[in-house]
Amino acid sequence: MQPGSRDEEIQRSWEANADAWSTAIREERLPSRSVTSPAVLEMILRCNPTSVLDVGCGEGWLIRALTQRGIDALGVDGSEELIERARWAGHGRYRVATYQDLIAEEPGEAPYDVIVCNFSLFDRDLAPLFRALRSMLTDNGSLVIQTLHPYTSLQGEPYQSGWRLETFASLGAGFTEPMPWYARTMEDWWLELDEAGLRIAQLREPRSPEGTLLSMILVATPVVGE
Ligand SMILES: C[S@@+](CC[C@H](N)C(=O)[O-])C[C@H]1O[C@@H](n2cnc3c(N)ncnc32)[C@H](O)[C@@H]1O
């Protein structure tokens, strides 16, 4: 991790906000999660996986949900505190690892039927991570990504990819470090995955009961021969 890099800022923010984030999730302070969490779980279960890797698993809610359904699920996250909280809540297996670690390491327990990144991709250059994740998928495996929708990420800016700042202001007290994150257009999601030999096979746009767009879910699969 380069000192002073965006990646460092992102990880520092999660380390500083780990406690506040766990509380926000466990006290259900994000109303959108009542839609987006079941939506990503459904997309994973449709793949009928026996093994899942959750990249940027946070305090581990998704690992618990998968493990309780008899799926062998491993969660990795760069924040030691979040992994500690996940382990403390029980169910599932966890490991502290940054995305740089995943890129640099041997694939470990791979292959996985599904690799999921649920609201956990914030950096601009994702192709190296996507290439590493692709190498950890079974031949018929799927990479499931849930992210803020490109349309709702505009925040008053023109429709182009670019850096934004998340202050976590709507989530209550305890968030001490804002987080830079890179919003990308639909075309740039496609290109970033394509560069890593992955193709978008399915796309969902979860909405609130009132019709508000809440997120985008992409399911990408390895391109054969690349
Ligand atoms: C918004 S939280 C989402 C957590 C979880 N996936 C969920 O659905 O609640 C983003 C997570 O990504 C992790 N993360 C972000 N960048 C990372 C990096 N470069 N290496 C490892 N973990 C990272 C953070 O530590 C944090 O736990």
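Reader: Leaving aside its neighbours within four places in sequence, what is Ser-208 in contact with?
Author: Ser-208 is in contact with Val-35 and Leu-214 once those neighbours within four places are set aside, where contact means heavy atoms within 4.5 Å. This is a predicted model, in which local features need pLDDT of at least 70, side-chain atom pairs count only at pLDDT 80 or more, and totals for chains, interfaces and linings use all residues. Residues are numbered from 1 along each chain as its sequence is written, and side-chain values use heavy atoms, with hydrogens and water left out.

Reader: Okay, and where is Ser-208 found?
Author: Ser-208 sits in the loop between strand S8 (198–204) and strand S9 (216–222); helices (H or I, at least four residues) and strands (E, at least two) are DSSP runs, numbered from the N terminus.

Reader: Is Ser-208 buried or exposed?
Author: Ser-208 counts as buried because its relative accessible area is 13%, and buried means under 20%, exposed over 50% and partly exposed in between, using a 1.4 Å probe and protein chains only.

Reader: Switching to Leu-62, which helix is that in?
Author: Leu-62 belongs to helix H3, which covers residues 61–67, and at 1% relative accessibility Leu-62 is buried as well.

Reader: What is Leu-62 in contact with, leaving aside neighbours within four places in sequence?
Author: With those neighbours left out, the contacts of Leu-62 are Leu-41, Ile-44, Asp-54, Val-116 and Asn-118.

Reader: How many residues of S1 are buried, then?
Author: In S1 (residues 51–55), 5 of its 5 residues are buried.

Reader: Which strand do the bridges join S1 to?
Author: S1 is joined to strand S2 (residues 72–77) by 5 bridges, and the two run parallel; strands pair if DSSP finds at least two bridges between them. Within S2, Leu-74 is the bridge partner of Leu-53.

Reader: Zooming out, how many helices and strands does the protein have?
Author: There are 7 helices and 9 strands in the protein, and buried residues make up 50% of its 226 residues.

Reader: What about contacts between residues at least 6 apart in sequence?
Author: Of those contacts, 64% join residues at least 24 apart.
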